[in-house]
Amino acid sequence: MATAGNNLSDYDKNKLPDASDFRFGIVVSEWNDKITEGLYEGAYNALIENAVQPKRIVRWNVPGSFELIYGCKKMQESFDMLDAIIAIGSVIEGETKHFDFVCEGVTQGIKDLNVQNDTPIIFCVLTDQNMQQAIDRSGGKHGNKGTEAAIAAIKMAKLRQDARY
């Protein structure tokens, strides 16, 4: 397992760009909310810890992970001043192929938005085999993937800024 013994929340704050002038969007799936709220807290707290003001963070909720695509698209269209958007979701494998279809659709949809538009969208969708794996990655023994997504968002916002000049 790739995360065995690793804490996803470990990062060196001193190696990150100044994020104080960036604006971020976060679209959060309400499905598996115990997990997605943990991911949101990790992302939000990491942004705040890196000098992003709360008023520079916009949060929208959508019903499930599949709806993240539309939510992120509409957020891109509604807030052209956002420097990056984080898509937060959790899909846990069940007994049917629904898991495969949702995971594939969300992955491709977020990829398409990144290719078609200028605002980077960070993929923070857990695709776990069971609830314990999701708990371990949303504030548990493997840290918080939301924190990792926020760090990626800061880096991508800086890349976007640098590419414009």
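**Close-up views of a predicted model**

**View 1. Asp83, a residue in the loop between α2 and β3.** Asp83 lies in the loop that joins α2 to β3, the strand of residues 84-92, and the model in which it is seen here, as in every view below, is a predicted one. Is Asp83 buried or exposed? Its relative accessible area is 13%, and because buried means under 20%, Asp83 is buried. When its neighbours within four places in sequence are set aside, Asp83 is in contact with Asp21, Phe22 and Arg23, with Thr119 and Pro120, and with Ala157 and Arg160.

**View 2. The open sheet of four strands.** The strands of this sheet follow the order β2-β1-β3-β4, and their pairing is parallel. Which strands stand at the edges of the sheet? They are β2 (57-62) and β4, and each has a single partner strand, so that one side of each is left without a neighbour in the sheet. Direction ignored, neighbouring strands of the sheet are turned against each other by 15 degrees on average.

**View 3. Strand β3 and its two pairings.** With strand β1, which is made of residues 24-29, β3 pairs in the parallel sense over five bridges. Within this pairing, Phe24 stands opposite Ala84 of β3, and Ile26 has Ile86 of β3 as its bridge partner. With strand β4, residues 121-128, β3 pairs in the parallel sense over eight bridges, and here Ile88 has Cys124 of β4 as its bridge partner. How many of the nine residues of β3 are buried? Eight of them are, and the strand is thus described as mostly covered.

**View 4. Helices lying across the sheet.** Helix α2 lies across β1, β2, β3 and β4, and it runs at about 155 degrees to β1. Helix α5, which comprises residues 145-164, lies across β1, β3 and β4, and its direction is at about 160 degrees to β4.

**View 5. The packing of α2 with α3.** Two packed helices are described by the angle between their axes and by the distance between the axes. For helix α2 (residues 68-78) and helix α3 (residues 98-116), the axes come within 9 Å and cross at roughly 15 degrees. That angle makes α2 roughly parallel to α3, because angles under 35 degrees count as roughly parallel. The crossing of α2 and α3 is right-handed. On the side of α2, the residues that meet the other helix are Ile69, Cys72, Lys73 and Gln76, while on the side of α3 they are Gly105, Val106, Gly109, Ile110 and Leu113. Sorted by class, the residues of this contact of α2 with α3 are five nonpolar, three polar and one charged.

**View 6. The packing of α1 with α5.** Helix α1, residues 33-49, packs with α5 at an angle of about 40 degrees, and the axes of the two helices are 6 Å apart. The two helices α1 and α5 are therefore oblique to each other. The crossing of α1 and α5 is right-handed. Which residues make the contact? From α1 come Leu39, Gly42, Ala43, Ala46 and Leu47, and from α5 come Lys145, Gly146, Thr147, Ala150, Ile151 and Ile154. By class, this contact of α1 with α5 has seven nonpolar residues, three polar ones and one charged one.

**View 7. His98 in helix α3.** His98 is found in helix α3, and with a relative accessible area of 54% it is exposed. His98 and Leu126 are 28 residues apart in sequence, and from C-alpha to C-alpha they are 15 Å apart in space.

View 8. Asn32 lies in the loop between β1 and α1, and although it is not a glycine, its phi is positive, at about 55 degrees. Ala51 lies in the loop between α1 and β2, and it too is a residue other than glycine with a positive phi, here near 75 degrees. Where Ala51 is concerned, the relative accessible area is 36%, and this residue is partly exposed.

Notes. Residues are numbered from 1 along each chain as its sequence is written. This is a predicted model: local features need pLDDT of at least 70, side-chain atom pairs count only at pLDDT 80 or more; totals for chains, interfaces and linings use all residues. Side-chain values use heavy atoms; hydrogens and water are left out. Axes are lines fitted to C-alpha atoms, for helices over the stretch in contact, and angles run from 0 to 180 degrees between N-to-C directions. Angles under 35 degrees count as roughly parallel, over 145 as roughly antiparallel, 65 to 115 as roughly perpendicular and the rest as oblique. A crossing is left-handed if the near helix is turned anticlockwise from the far one by less than a right angle, and right-handed if clockwise. Contact means heavy atoms within 4.5 Å. Ala, Val, Leu, Ile, Met, Phe, Trp, Tyr, Cys and Pro count as nonpolar, Asp, Glu, Lys and Arg as charged, and the others, Gly among them, as polar. Buried means under 20% relative accessible area, exposed over 50%, partly exposed in between (1.4 Å probe, protein chains only). Two strands pair if DSSP finds at least two bridges between them.
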